[in-house]
Amino acid sequence: MIAIANFVMKGPMQAYLAAIGFALLTVWFSPFGIFSGAVIALITLRIGVSDGFKTLLAAMAVHLVVSGFLSGTYLAGLIAIIEFMLPVWVLAVVLRQTNSMGSTLQIAALISGTGLLLAHFMLGDLPAWWMGLFDQMFRPVLEEAGVAYSTDMIEQMTNVMSMLLAMFAVVLWFGTVLIGRWMQGVLYYPGQFQKDFHQLRLPRNVAIATVIVAIASLFLNESSGGLLGDLFGLLSIVLMFQGLAISHHAVLIKHLSKGWLFALYFLLLVFPQTVLVLAIVGLADTFSDFRSRWVESK
């Protein structure tokens, strides 16, 4: 990543080449879109909003043209742009203007939440919509290939698919912007990224909204068509980032082994319940401010 950042910062042409190159690779292997988004974020954060937007336009245009030519449709290209590029540029602009990771995370949640609300209002019963999509696109393929699958498991997945996509979007967009910020810090402000991330903090109204939505979802989730449960999952992933910031700060301030962080991320990968644990930590910190107390007690 450092080599990519050094190449990008050599000049405008190198920035365009890097963003366009990764955008092209995304056509064949979508995870490369993260690198394209990170380059766009880095240009926006370091050079300016206008240069970041020009880089974004170049990457989007090339990706759309190539993906449309190869597949005969622009749908896949548009999905990749929404997934890796456009929201990342918006968040990079917010981070550049506010210099606040907390505000940037809030905007990421707002964009994802707006998409979630629109999906619920436009499509109605989302689990039924997901099941219809599965029946239309995937069930015939699985049956033709003779692949066994559990109908109950598919139904369970359709119930949480919208929530998982909304959560994934926030992690992907905000994570990509963090990569761009980290590259900027390594090149120009060594150690600053760690300080900024350790102080990632969400306003109290986010915590209050999470509590209200959590309580409401216990009684009204079914009547809301699953919307309240989906929103609770989205708010949980937002507070999870604050919980992660607290964990990293605790390891530093208390001189703990970094093995604790490796264990934490391993648990996040293996046990999804860890997201809720970290969200609770972030929620409690909103009212208790653990980090300030630890600094004062030193």
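Predicted model: local features only at pLDDT ≥ 70, side-chain atom pairs only at ≥ 80, totals over all residues.
Local features need pLDDT of at least 70 and side-chain atom pairs count only at pLDDT 80 or more, while totals for chains, interfaces and linings use all residues. Residues are numbered from 1 along each chain as its sequence is written, and side-chain values use heavy atoms, with hydrogens and water left out.

Start with the largest nonpolar core. A nonpolar core is a set of buried Ala, Val, Leu, Ile, Met, Phe, Trp, Tyr and Cys residues joined through side-chain atoms within 4.5 Å. Buried means under 20% relative accessible area, exposed over 50%, partly exposed in between (1.4 Å probe, protein chains only). This core has 39 residues. Leu105, Val170, Ile237, Met240 and Leu244 have the most contacts inside it. Several helices give it two or more residues, among them helix 3 (33–46), helix 8 (151–188) and helix 11 (227–253). Helices (H or I, at least four residues) are DSSP runs, numbered from the N terminus. Apart from this core lies another, of 22 residues, including Met9 and Ala59.

Take Ile237 next. Contact means heavy atoms within 4.5 Å. Beyond its neighbours within four places in sequence, Ile237 is in contact with Met167, Val170, Val171 and Val275.

Now move to Asp230, in helix 11. Asp230 counts as buried because its relative accessibility is 5%. Its side chain makes a polar contact with the side chain of His120, at 2.7 Å. A polar contact is a pair of N or O atoms within 3.5 Å; within protein, one must be able to donate a hydrogen and the other to accept it, and residues adjacent in sequence count only if both atoms are side-chain atoms. Not counting residues up to four places away in sequence, Asp230 touches Leu116, His120, Asn159, Ser162 and Met163.

Leu231 is also found in helix 11.

His198 sits in helix 9 (residues 192–198). At 6% relative accessibility, His198 counts as buried. Outside four places in sequence, His198 touches Ala245, His248, His249, Leu252 and Arg291.

Finish with helix 10 and helix 13. Their axes come within 9 Å and cross at roughly 130°. Axes are lines fitted to C-alpha atoms, for helices over the stretch in contact, and angles run from 0 to 180 degrees between N-to-C directions. Arg204, Ala207, Ile208 and Val211 in helix 10 meet Leu283, Thr286 and Phe287 in helix 13.
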